[in-house]
Amino acid sequence: MGPSEDDRHSSKRQRNTYQSSQSSRRYSKVDDAFSQKRCIAWFREYTTPDDPDTLGPEGMEKFCEDVGVEPENVAMLVLAYKMGAKNMGFFTQSEWLKGLTDLQCDTAGKVQCKLDYLRNLLNESNTFKVIYRYAYDFARDKDQRSMDIETAKAMLQLLLGKHWPLYAQFAQFLEQSKYKVINKDQWCNILEFSRTISNDLNNYDVDGAWPVMLDEFVEWLRLVRTQATIS
């Protein structure tokens, strides 16, 4: 006895459902695949007709809004590093493509999925050091050889604020100091100091090769602590 009309219709519906499901999966895979064309089109959403190859401050604000982070979020610094961006607040199209091709991101949603990955890169000691050094040239005014003190404090807060127990005291020291800029040698040594000098400063060698700025910080902090003990 052959299959009934209802059985044949049911079997056909199942085949159509399976084929539709397979087709949806194929389209989904196509959508998930990185597309340079889509990546460039997305970039152009943040640029202006006058300068279509550069994403500037206004575009950056909209981009950050779309991916759900503040411009000052450390993930944005790591993203800029992945792009090899040269100027804070700006991405060129070539920088954008370099970084987002590496991350395989061509939509805001895909970047959102990478934010934790970007932040976690800073947990690896050597990678952190590379990004910390990158941040100096990225953030400083390109017309100046040194970084102005306000920018330096903001970047130090971003990179060391949560990890260096003496950061708050160092920020206070900078506030009352004569320093208006920080040079690259000082910048690099601040990281080394934060990693090697104990909170009680007992292993700090005043005859070591530390910059004068850090000698002055140690002297200032010891005086502050002595005065606090007396009072």
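**Exercise 1. Is Q93 buried or exposed, and what is its relative accessible area?**

First, the ground rules. This is a predicted model, in which local features need pLDDT of at least 70, side-chain atom pairs count only at pLDDT 80 or more, and totals for chains, interfaces and linings use all residues. Residues are numbered from 1 along each chain as its sequence is written, and side-chain values use heavy atoms, with hydrogens and water left out.

*Solution.* 
- Step 1. Read the value: Q93 has a relative accessible area of 17%, so Q93 is buried.
- Step 2. Q93 lies in helix α5. Helices (H or I, at least four residues) and strands (E, at least two) are DSSP runs, numbered from the N terminus.
- Step 3. List the contacts, meaning heavy atoms within 4.5 Å. Leaving aside neighbours within four places in sequence, Q93 touches I40, F43, R44, P52 and D53.

**Exercise 2. Which residue forms a salt bridge with R44?**

*Solution.* 
- Step 1. Apply the rule: a side-chain nitrogen of Lys or Arg within 4 Å of a carboxyl oxygen of Asp or Glu.
- Step 2. The partner is D53, with the closest N and O atoms 3.0 Å apart.
- Step 3. Check accessibility. R44 is partly exposed at 37%. D53 is partly exposed at 41%.

**Exercise 3. Describe the salt bridges D102–K82 and R119–D116.**

*Solution.* 
- Step 1. D102 and K82 meet at 2.9 Å, N to O. This pair links distant parts of the chain, 20 residues apart: D102 sits in helix α5 (residues 93–103), K82 in helix α4 (residues 74–83).
- Step 2. Compare the ends. D102 is partly exposed at 46%, whereas K82 is buried at 16%.
- Step 3. R119 and D116 have their closest N and O atoms 3.1 Å apart. Both belong to helix α6 (residues 108–120); they are three residues apart, so about one helical turn separates them. R119 is partly exposed at 27%.
- Step 4. Look for shared partners. Salt bridges join R38, D106 and K110 into one network.

**Exercise 4. How many disulfides does the rule give?**

*Solution.* 
- Step 1. The rule asks for a pair of cysteine sulfur atoms within 2.5 Å.
- Step 2. The count is zero.
- Step 3. C113 is exposed at 68%. C64 is buried at 2%.

Technical notes. Buried < 20%, exposed > 50% of the residue type's maximum accessible area, 1.4 Å probe, protein only.
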